[in-house]
Amino acid sequence: MSAPVAQTTGTAAVAEAAAEHHQGHHPALQHHFENLEQQADAATLAMWLFLVTEILLFGGLFVGFAIYQTWYPELWHAAHKKLDPVLGTVNTVVLLVSSFTVAYAIRMAQLGKQRATSWLLGATIALAGVFLVVKYFEYSHKIHEGLLPGAAFSHAELAAQFSNAHVFFSFYFLMTGLHGLHVLAGMIVLGGLLWKNARGAYSPEYFTPLEMGGLYWHLVDIIWIFLFPLFYLIK
Amino acid sequence: MTTEAPAPATAELRGEPAPSYLQEPRGLWSWLTTLDHKRIGILYLISVTAALFVGGLFAMLIRLELISPELSFFSSTLAYNQAFTLHGAIMVFMFVIPGIPAALGNFVLPLMLGAQDVALPRLNLASWYFWLAGSALMIGAILAGGIDTGWTFYIPYSSTYSREGDAVLLALGGVFILGFSSIFTGLNFVVTMHKLRCRGMGWFRMPLFLWAIYATALLQIVATPVLGITLALAMVERAFGVGIFRPELGGDPVLFQHFFWFYSHPAVYIMILPAMGVISELIAVHSHKKIFGYRAIAFSSLAIALISFLVWGHHMFTSGQSQVAGAVFSFLTFLVAIPTAIKAVNWVATLYKGQIALRTPMLYALGFLFVFIVGGLTGIFLATVSINLHLHDTYFVVAHFHYVMVGGTVMAFLGGLHHWWPKMFGRMYNERAAKLGWLLVVGGFIWTFLPQFIMGSRGMPRRYATYNMEGLEVHQPLHLMSSLGAWVIGAGMVWTLCYLVYSIFKGRRAEVNPWRAVSLEWDVPSPPATHNFPIDPHVDFGPYDFERIDEATGLIRPGPESQRLLAAAAVKTLPPGAEEENSG
Amino acid sequence: MTDESREQPAAPAEQGEAAAVAAGGMAAPAAEAACSPGEGAPRGPDSAIGSAATGGTPGGPAPAPAGTEDAAEEEHSIYHVVPGRVYVAVLAALLVLTAVTVGVAQIDFGAFNIVVALLIAGTKASIVALYFMHLRWSNRFNAIVFVSGLLFLAIFLAFTMIDTETRSWVAPEFDQRPLVRQGAG
Amino acid sequence: MPLAVDPITAFQLPEQGSSFAPHYDLLYAVLFWGSVFFFLVLIGPMIYFALRYRRRPGEPIRPTPPHLTHNALIEIAWIAVPLVLVVALFVVGTVQYIDASVAPANAYTIQVRGSMWSWGYTYPNGVESGVLKVPSDRPIKFLIGSKDTIHSFYVPAFRLKMDAVPNRYTTWWFQPTRQGRFPVYCAEFCGDQHSQMVSAIEVVSPEEFERWMAQKLKEMQEGIPLAELGRRIYTGELPRGAACLACHSLDGSRLVGPSFKGLWGRQERMQDGSTVTVDEEYIRESLMRPQARIVEGFGPVSAMQTYEGVLSDREVLGIIEFLKTVK
């Protein structure tokens, strides 16, 4: 045998054998993976790497926020009082519960309880909707008061006290806005998962997409866990 | 040299050769929807080459203008400003960053790992479409009036004073999307290297190109999102004005520069690390000698990647950042010199007592060393903060980063392209034509940029459309020399494109292993079959164990485990009943 | 280059970790299933090598038979199934910590207000990551990835602040805000 | 103290014009020749090996002996040597940088203001100029700002530049080493006329600078309404010896001298018993010969010194016009 490994022995016959090799596996198994476990491992690692990119995407705003807070602590203190801590707390609780429901949904999928998974995913989406509705009321109140980012800022009281009070609200709208977009994206993702789950796409052997959707949703939750005290509770 | 694939080992394994990835499946649609990493690599190769030529065209126009101190070629300084902006933006975001990883890396990475594909083929294809979308927006920006902000998009010029507002927004959006393309590629490569290495492929059996790609991918994943948020903020500032960066709203424009360079400095290493990886391959393979200090080179890639996150402030020594930050960033910048020096010295040491074949890829590697060492040493000038006060924003900087980016990345790209060309297309290019191309590119390059060092240290600021004022006219002869050199590079590039394309149709058929290399991509047909390996390979040798080459066939001798696997595969291909399965 | 991989075929750190986790208490039934002839191990003669080389657990990568509910309750071939009560406890802890952070915000710790708030937020985030996101049972490399993301964010913040907080140290003229000062209030 | 630099390095740098330049050029020369050395150290062997160890056609591939694949000692050596060198460079470079950033206390501070696309200069006495002249006998410090976008204030002959950032100031300083004219460029891209945003620093003798400054001052004052000119002298915004407000109030309160409130046209009783109506003549006399007539209650001698030769005619008129406005 002089041919090296996997050599130009790339004959049709061998390729066929290889193809045959992959048959009889789970339909969700892609050809370049050996087994579902390897595939799920790869997907999980990819998801964590993606979450890192999300952290650094938000990170830019967190860095800007921190720098301006050290530059203008009095402004930060005066401006945060314009936010409603009750609504902030309500939204925090809503997101935490939604994180719980999505985690439980995956657990149900692991146990093969398809209907329970669907219900829990539905609950998660509903909670995300509640979050956005609360956010809508907060935003419209701020807009009404003229507590707007940058050039649009028109709150007379703060403007008289601070020459650049708008920066706080720039950060507020940018950070919660970007987070809100992520919530919206999460609702779409979870909706897709719900639809596929209802059609029986997932099983105890294969529920990787659910797990990925869950990881994403938890990250959205984690980001809010930091946004909440930074905006609503900081003195 | 034989043009035929060598005889397979056993009669059972002989049959019709599997169709190559280029042949099967057929049709344009199959290419546009392909999930095959090799095809995506080729798609990227075509795209980034197009970007290289468009960016190069703008470079030619710039050099044409600078022959004369007065405004001569362009109708206005605005037009000149748009030309250098597009040259920079297209070259950086559309060519240099995706060039080696997405084109060459996509093609060879799974092959080198002994994997059947990258871990996430769909994301891989999405990456290419994101590249297309981002590039389309850039072209849209040109059509919408052009951008004149410089590729760095510094605020407040880009947010407030640049007149073509829509074009700036389009370009920012384009770069934002190109960033996602880069993230997807990097993410894919990291997962692939972690999860899809074939049997026996330990981390220290990976070719050094893969170590470099790994370090690059980490940078792409960690740094690029910050570019995303920075550009998104720049867009918001431009469109609405939120006062985080815009000074007239109380913002800090220097903060924008921090954000921008937090990405763009690591991006410099996104550009150069894969090039270093290619050079490690080329030097070892064409010297037929184990690379000197494999681990030192591998870890220096990671060290460079890590340190690159700590040095971005050296782009800002004269920006008004604090002197404390200037000193800190200067010190950390100097540290980059150490791993870079390790690589350079180890490459030269590898040549010692090698068996060197001075073919085109090797010539490009030597050309790379020549210009890269100049680029690296002039980097020391710029890292010295007091020296930087004078040289910053002059042609010295322009020459320095062209020595690194063009001398580094473009030469490694061309070297790597020639090296893997036989594997990609199954054809040999004409060696003589290639050597002429090399001479034009390397010679033209040195000719173009060496005068710029002198102009810069003599005080010629960059991004000047005209230089007919007090103290600057004296640079005209050097500018003229630089401009002539640019045409030589241009000619070399066009010549290279011509003979390479010609070889696809008329070139001699390539052997499986024309260079006598031992990494796994040289162990499959040229060009490879659609599914890379007929059976999942097993590796029991290092990437530079050249003694594994079979003198007679030029192929890699398989180890005992591989032989067993092959035999097992062969048995399986027999018709049912011909032989009992050898159950263990 | 030495081929240390010869002794230890292609086992990078994270795979070893996966193996350790699997061996550490939850892989028993799965391993049994894998050993049963004709089932599970997908690659026939290759699987012994394959699992070691490509990230499988040594016990074999076979899917757990959907046989008994009990086994599935506690074990799974790919992911650890977390008991439901753990999730409930985690949610309760998160809600309690939310109440604590709201309550603590009423107390003034001076400069430490932000530290306290961020410590509580960090604790909550860690709980979410460890339990809801399964980092506790997942491959250790995933945790390394996540933490290094935070590390790079810290570098970003710290090194930017080296500039923004020290501008007046050497040259007082460099101070950030000579022109846009906060109003007198 | 000019430091000798070899002709090859000197060719690469513009003529020196500041005290910073010789130090700079020396470090530059060290870097340049060090780079040439290391370049040759790397490229020489590279070319030699590439030619010496060519593979002959058909030559069998030899296994690489282990001592040619790595060598810990050598590898540590080429980590350690560059490390020591770059740390030394860092120290020298940073010390020079801090020196260039921190001006001596007696530096003459000129504000530099970039705008699209010109440079403007403001001297400490309020003189604004589009031309930058500085005296050769003292350290000069620039306080650099911008009206619109980011510019960069760059003088190649001094080896110094710093960005002009809107909303804040940056700074550098230099001690002139010779008289002459040194071009100033904008080094940060700032739009259409970026390349035309040029200026020059003219380093002139102290005497010539005084003459030029007196001329500028005159030009400037002629542009200012007389009453405003007087007010500035009163407040000390235009420094002319002591500022009037130190001794004369505007609200009627008694300081060292009489209040200016309602002074114009008033009947004042003098120490010698005479009365005077405050008019142009009396004010001019009080400024030039303060002891001539002293208001009752502020004697026996006036605390005021003479402003003879300090105030120009126009400035005296300015003070008079100002006093007319103080009701």
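This is a predicted model: local features need pLDDT of at least 70, side-chain atom pairs count only at pLDDT 80 or more; totals for chains, interfaces and linings use all residues.
**Entry 1: the helix pair in chain B**

The helices in question are α13, residues 395–425 of chain B, and α14, residues 431–457 of chain B. Their axes lie 7 Å apart, and the packing angle comes out at about 165 degrees. Angles over 145 degrees count as roughly antiparallel, and α13(B) and α14(B) are therefore roughly antiparallel to each other.

**Entry 2: a sheet in chain D**

Next I turned to the strands of chain D. I traced an open sheet of five strands, in the order β3-β2-β1-β5-β8, with mixed pairing. Which strands stand at the edges? They are β3 (128–129) and β8 (170–174) of chain D, each with a single partner strand, so one side of each has no neighbour in the sheet. Inside the sheet I followed strand β1 (residues 108–115) of chain D, which runs parallel to β5(D) and is joined to β5(D) by seven bridges. For one residue I noted the partner too: Gln111(D) is bridged to Leu143(D) in β5(D).

**Entry 3: salt bridges**

Side chains of opposite charge can pair when their charged atoms come close. I counted 31 salt bridges over all chains, and I went through a few of them.

My first stop was Glu210(D) with Arg138(D), a salt bridge at 3.9 Å from N to O. The cut-off is 4 Å, so the 3.9 Å of this pair falls within the rule. Glu210(D) sits in helix α4 (residues 206–222) of chain D and Arg138(D) in the loop between β4 (132–135) and β5 (140–146), so the pair ties together parts 72 residues apart in sequence. Buried or partly exposed, I asked of Glu210(D)? Glu210(D) is partly exposed at 45% relative accessible area, and Arg138(D) is partly exposed as well, at 22%.

Then I looked at Arg232(D) and Glu228(D), whose side chains meet at 3.1 Å, N to O. Both belong to helix α5 (residues 226–235) of chain D and are four residues apart, about one turn of the helix. Arg232(D) is partly exposed at 24% relative accessibility, and Glu228(D) is partly exposed at 25%.

A further pair is Arg269(D) with Glu296(D), where the closest N and O atoms are 3.4 Å apart. This one links distant parts of the chain, 27 residues apart: strand β11 (residues 267–269) holds Arg269(D), and the loop between α6 (280–288) and α7 (313–325) holds Glu296(D). I have Arg269(D) down as partly exposed at 47% and Glu296(D) as partly exposed at 44%.

I also came across a network of salt bridges that links Glu470(B) with Lys133(D), Arg181(D), Glu202(D) and Glu208(D).

**Entry 4: cysteines**

How many disulfides does the structure hold over all chains? My tally is zero. Cys190(D) is buried, with a relative accessible area of 0%. In chain B I looked at Cys198(B), which is buried too, at 4%.

Methods. Residues are numbered from 1 along each chain as its sequence is written. Chains are lettered from A and ligands numbered from 1 in the order in which they are written. Side-chain values use heavy atoms; hydrogens and water are left out. Helices (H or I, at least four residues) and strands (E, at least two) are DSSP runs, numbered from the N terminus. Buried means under 20% relative accessible area, exposed over 50%, partly exposed in between (1.4 Å probe, protein chains only). A disulfide is a pair of cysteine sulfur atoms within 2.5 Å. Two strands pair if DSSP finds at least two bridges between them. Axes are lines fitted to C-alpha atoms, for helices over the stretch in contact, and angles run from 0 to 180 degrees between N-to-C directions. Angles under 35 degrees count as roughly parallel, over 145 as roughly antiparallel, 65 to 115 as roughly perpendicular and the rest as oblique.
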